[in-house]
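The sequence and the structure are shown first.

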Amino acid sequence: MKLQNKTEEIQEKAKKHLSPVMTRVTELVIEKAHGAKFWTTDGKEYIDFVSGVAVNAVGHTNEKMVEAIKKQAEALIHLGLNYGYYETAANLAEKLAHITPGNLDTVFFSNSGAEAIDGALKLAKAATGRPAIIAFEGSFHGRTLGATAITASSSKYRRYYEPILGEVYHVPYPYPSQLKNIREREAEEYCLNQLQKLFDLRVDPSRVAAIIIEPVMGEGGYYPAPPSFLQALRKITEEHGILLIFDEVQTGFGRTGKMFAAEHANVAPDILVLAKALSGGMPLGAIVASRELHEKWPTAGHGSTFGGNPVSCAAALANIAVIEEEKLVERSAKLGAKIVGRLHNSVGHLPGIVEVRGVGMMIGIEFDSQSAALFVPKIKSKALENGLLIMNCGVSGQTIRLMLPLNIQEDVLDIGLTILEDVITETISGN
Ligand SMILES: Cc1ncc(COP(=O)(O)O)c(C=O)c1O
C-alpha cells in the first residue's frame, strides 16, 4: 500500500509539473537501475532493452563509472572550460583524438547530441564561409533549432517551427523500404543521382558547407548506409570542398561492432559528432575534427557554460576504459550477429516482418508499415507487461530496435529475448 502511494504521488506530481510536450512511452516510476535491469517504486523488476536510448553502453550504474563520478564530484564539479583547463577534459580530448578515425584530434565539448550537432553546423559554416547544409530524408539529429532544421525523420518534429534554418536541403537516404518504387539494388545509385540533381537544379556545390549523415540511420528505422555510399559521399565532398559530417551520436562507442560506424566503410569524416554512449549517461556531447579545421573556427564564435563538465568527462573516461578493458566492441560484433541469427530463426519468417538486421548490437526487426501499425504498439505493451522494455523507430514505427548494454549478461539477454520472441509470435498469430 505504501509503495503504491509513493508511485501515485510521484506520478501525480510529475503529471502536474513536467511539460507534456515530451512523448512518454510508459507511466512507470523508476527508482533504480543496474546492469540491464531497472526497478520501479512499486517493486517491479524490468529488463531494459533500451539503455536510455543507446546511452548506457556499459549498463546502468556501472561500478567503475560510479566510482569515477564520486571521486571527481568530491574534487571539482564545475568551473567552466572558458576559465582554464582541467585534467578530465584534457584526458578525454586526448583519448578521443586517439580512438577516432583519421586525423580528428581536436574536440569541442557540449552537453548533448543536438547541441553538438548545432555546433558542428556552425563550425562547418564558419570554416568554409558557405551557407548551405545537405542532410538526408529519414535522419534524426536532435531537438535544438539547428538540429531540427536538418532532421527529416518525421514532419511532427518540424511542423510548428518552420521556417527554421535557411539553405538546408534534404536528399534521400539509401534505405530501400522507404524509397517508393526503387528496387533495393538501385537505391544507392538513385540517392547519388538525387544528390547530383540537387547540385544541378537547386544549389551549386560551391555554396555547400557540409553534408551530414548518420552512417547507420537510427530514429529513422535502424538501417545502415552501404559502405560504398559513404565512400562516394567522401569523394564528392572532397571534389567540391564540402565538409563531411558523421552524426555518430547513436552509433558511436561500439554500438555497431566497431568503435565508430565510420570504420565499417573505412571513411574518415571531417567532423565527427558524438554524445549518448560517450559518457554513458552523464550529459556530454563532442565535436571532433582536425586541429586545422578547428583553427578556422574563430575564437568566441562558439562556447558553453557546462560543456565538458569535469564530472561528465570523468564518467566518459571510465566508460571508455570499461569498453576497452572488457573488449565490448568485439563483443558487440560477435554477440550482435548471434542475436540477429536467433531472431531471424525465431521470428524472421512471421507474416508482416520484412527483415531482421543488425550492425553489431544496433539491431532492428522491421515490419511492413501496415503490420507495424497493427502489431508493434501491442508488442511493446505486452513486452512491458511481461517485464521487458523495448522501443521502436521509423516514420511509421516500423522497426523494433534493440539497444542492449554491450556487456549484458547472457542469462538476462536470453530471458529478454525469449519474452520478445513470445510476445511477437503471440501478437502476430492473434493469441
Ligand atoms: C543520431 C542522433 N543524433 C542526434 C541526437 C540528439 O541527441 P540528444 O538527444 O542528446 O540531443 C540523437 C538522439 O536520439 C540521435 O539519435
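The model is predicted.

**Backbone geometry**

Phe-253 lies in the loop that links strand E10 (243-247) to helix H9 (262-265). Although Phe-253 is not a glycine, its phi is positive, at about 65°. Is this residue, Phe-253, buried or exposed? With a relative accessibility of 1%, Phe-253 counts as buried, because buried means under 20% relative accessible area.

A positive phi also occurs at Lys-327, a residue other than glycine, where the value is near 50°. Lys-327 is placed in the loop between helix H11 (310-325) and helix H12 (328-347).

| Residue | Phi | Loop |
|---|---|---|
| Phe-253 | about 65° | between E10 (243-247) and H9 (262-265) |

Another backbone feature concerns a peptide bond: the one from Glu-162 to Pro-163 is cis, and its omega is near -10°. Pro-163 belongs to the loop between helix H6 (145-150) and strand E6 (168-171).

**Surface patch**

The loop between H6 and E6 also holds Tyr-160. Which residues make the nonpolar surface patch of about 370 Å²? Leu-145, Tyr-160 and Tyr-161 form this patch. Tyr-160 has a relative accessible area of 59% and is therefore exposed, the cut-off for exposed being over 50%.

How values were computed. Residues are numbered from 1 along each chain as its sequence is written. This is a predicted model: local features need pLDDT of at least 70, side-chain atom pairs count only at pLDDT 80 or more; totals for chains, interfaces and linings use all residues. Side-chain values use heavy atoms; hydrogens and water are left out. Helices (H or I, at least four residues) and strands (E, at least two) are DSSP runs, numbered from the N terminus. Buried means under 20% relative accessible area, exposed over 50%, partly exposed in between (1.4 Å probe, protein chains only). Patches are made of residues with over 30% relative accessible area and no salt bridge: like charges are joined within 9 Å, nonpolar side chains (Val, Leu, Ile, Met, Phe, Trp, Tyr) within 5 Å. Accessible areas come from the Shrake-Rupley method with a 1.4 Å probe; for residues, only the protein chains shown count as cover. A salt bridge is a side-chain nitrogen of Lys or Arg within 4 Å of a carboxyl oxygen of Asp or Glu.
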